[in-house]
Amino acid sequence: MNLSKNIFVKSLKFLVSPFFFIYGYIFFCFTKKTTNLIYQSYVKTYCLSSGFIIEIVTFFIQVLSKSRKKNIINNKKIIDINNELKNNGYVVLKNKLDNKLLNGLIDVTKDLGCNNNQLNVNFTKEVFDKEIHNLSTYYYSENELLENSAVQNTIKFLQELCIADEYFKSKPYLVATNMWWSTIGDKVDSFAAQDFHFDLDGIKWLKYFIYLTDVTTNNGPHVYVEGTHKPFSKPYDILMRGYSRVSDREIEKNYPLKKIKTITGDKGTIIIGDTSCFHKGMVPKSDVRLIFEVTFANSYFGPSLANKHKIDQSN
């Protein structure tokens, strides 16, 4: 009886979520605020619609955007990159990050402290030392990163690529900046995104990952499932579990191995991904990995932005 009741309640929550989301998105348009209830209704609507809600809302953002670019982008390189993003969900840029920018980001870690808890700012921060820091991940404060000139210059460089502009067909907004170490381990840490999952950072977004250490198959490469950013590309039984981690076995059961892509590369490698794709970071086995990440979205709608004031200044 209790099981049937729980199934009914869960099903009801999914079914009413689109109505909450429509109300919530209208509320966001006027207030520029996203409550947790509204965001959770978006997550459930995404799962219920198998991702199609992204295409619907993105269409309206493109139509209503006052800042749409009047000029069509004719740069073949940008068009080719965007075609690859649309087809596969990810692209690895041919050119690596400029050495000056790369070394500037790496130098940040020599002075800036990090800790193992991304959510609690009161945790003690220390300069990373791979000989003594052995928890799975160590994060840098987004607030402190945004104050650093090397980070600011890298964000500006990524903005000027205009890849997000073309992908969204509307103005891109900087919504997140992160940098973290992944350490050597023998167990998967789900909290550290080392299981397959998909992100829902907003309506439509792109994440720019930059390897700051050389990354081989043995020290935490990024892995994604090609094409799973598209609507109706994810198994419905997985989506009906909501926003949850997915095992390797489930991924391999539902997708051919040729669709599961592992990205290795030297430091400076730039990866751009629509991380509504299934993806994960593998556990490093032979050496630590340092990665820098910037997220651009076509709207500020999404999870709470702790540093929205500083992010606004960067847009």
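Biologist: Is lysine 259 buried, partly exposed or exposed?
Modeller: In this predicted model, lysine 259 counts as partly exposed, because its relative accessibility is 29% and that class lies between the 20% and 50% limits.

Biologist: And which side chain does lysine 259 meet in a salt bridge?
Modeller: Lysine 259 meets the side chain of glutamate 226, at 3.3 Å from N to O. The pair links distant parts of the chain, 33 residues apart, with glutamate 226 in the loop between strand E5 and helix H9 and lysine 259 in the loop between helix H10 and strand E6. Glutamate 226 counts as buried because its relative accessibility is 17%, which is under 20%.

Biologist: What about aspartate 248, what does it pair with?
Modeller: Aspartate 248 forms a salt bridge with lysine 280, and their closest N and O atoms are 2.9 Å apart. Here too distant parts of the chain are linked, since aspartate 248 sits in helix H10 and lysine 280 in strand E8. Aspartate 248 is partly exposed, at 32%, whereas lysine 280 is buried, at 9%.

Biologist: Which residues do shared partners join into one network?
Modeller: Asp199, Asp201 and Lys207 are joined that way. Within that group, aspartate 199 and lysine 207 have their closest N and O atoms 3.0 Å apart, and both of these residues are buried.

Biologist: Switching topic, how much space lies in the second largest pocket?
Modeller: That pocket holds about 590 Å³, and among its 21 lining residues the closest to the centre are Tyr25, Cys29, Lys32, Ile61 and Leu64.

Biologist: Which helix gives the most to that lining?
Modeller: H1 does, with 6 residues, and the lining as a whole divides into 13 nonpolar, 5 polar and 3 charged residues.

Methods. Residues numbered from 1 in each chain as written. Predicted model: local features only at pLDDT ≥ 70, side-chain atom pairs only at ≥ 80, totals over all residues. Heavy atoms only, no water. 1 Å grid on protein atoms, 1.4 Å probe; cavity = no way out; pocket = protein on both sides within 12 Å on 5 of 7 lines; lining within 4 Å. Points joined across faces, edges and corners; volume = space filled by probe spheres on them. Helix = DSSP H or I, 4+ residues; strand = E, 2+ residues; numbered from the N terminus. Nonpolar A, V, L, I, M, F, W, Y, C, P; charged D, E, K, R; others polar. Salt bridge = Lys/Arg side-chain N within 4 Å of Asp/Glu carboxyl O. Buried < 20%, exposed > 50% of the residue type's maximum accessible area, 1.4 Å probe, protein only.
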